Amino acid sequence: MTEPPEDEPASVGDRWDGLKLRLFIFIGFPLLLICLPVLLPLAAGLEKRRKKRLRAAAIATQCTRCGSCLGIAALELSDADWNSFLARVPSSGLRIRPRVVRRVHARCPQCGAEYAFDEKAGLLRLRNVGTEGSAA
Ligand SMILES: [Zn+2]
């Protein structure tokens, strides 16, 4: 690849890219710094609310497979599964994690049926009947 001579004017695309970079540096970044004291507590509050709704849903939900109450134990089982999965995700030397999406938020302690949290409805919905027996 050859570089253009120095006396050649920059193309419109190059000027536009430079303008976008300058706009971000002089406007976007300071704006982000100014908003951080508001955004971080807001994000923490939303996450706390989501966890509270998930706990309430787990306590109120009966397993559609075996009929037992899911309860907090179902969330703890699912969290343990998730942490075990994350420990097995290979990490590269560049400290880049692959994008992973959690789809199971509760697992029945009795029959192993898996449930996903529907955040809009605030309900746990059966995702997979599970393969494990009791005493998981
Ligand atoms: Zn069950």
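Start with helix H1, residues 12–60, and helix H2, residues 71–88: they pack at an angle of about 120 degrees, with axes 7 Å apart. Helices here are DSSP runs of H or I, at least four residues, strands are runs of E, at least two, and numbering goes from the N terminus. Axes are lines fitted to C-alpha atoms, for helices over the stretch in contact, and angles run from 0 to 180 degrees between N-to-C directions.

This is a predicted model: local features need pLDDT of at least 70, side-chain atom pairs count only at pLDDT 80 or more, and totals for chains, interfaces and linings use all residues. Residues are numbered from 1 along each chain as its sequence is written.

Who meets whom? Leu54, Arg55, Ala58 and Ile59 in H1 meet Gly71, Ile72, Ala74 and Leu75 in H2. Contact means C-beta atoms, placed from the backbone, within 7 Å.

Now the strands. E1, residues 106–107, pairs with E2, residues 114–118, in the antiparallel sense over two bridges. Pairing requires that DSSP finds at least two bridges between the strands. Arg107 has Glu114 in E2 as its bridge partner. Six residues lie between these strands in the hairpin, where Gly112 takes a positive phi near 85 degrees.

Next, E2 and E3. E3 covers residues 123–128, and its antiparallel pairing with E2 runs over five bridges. Ala116 has Arg125 in E3 as its bridge partner. This hairpin has four residues between the strands, and Gly122 takes a positive phi near 70 degrees.

Conventions:
Two residues are in contact if their C-beta atoms, placed from the backbone, lie within 7 Å.
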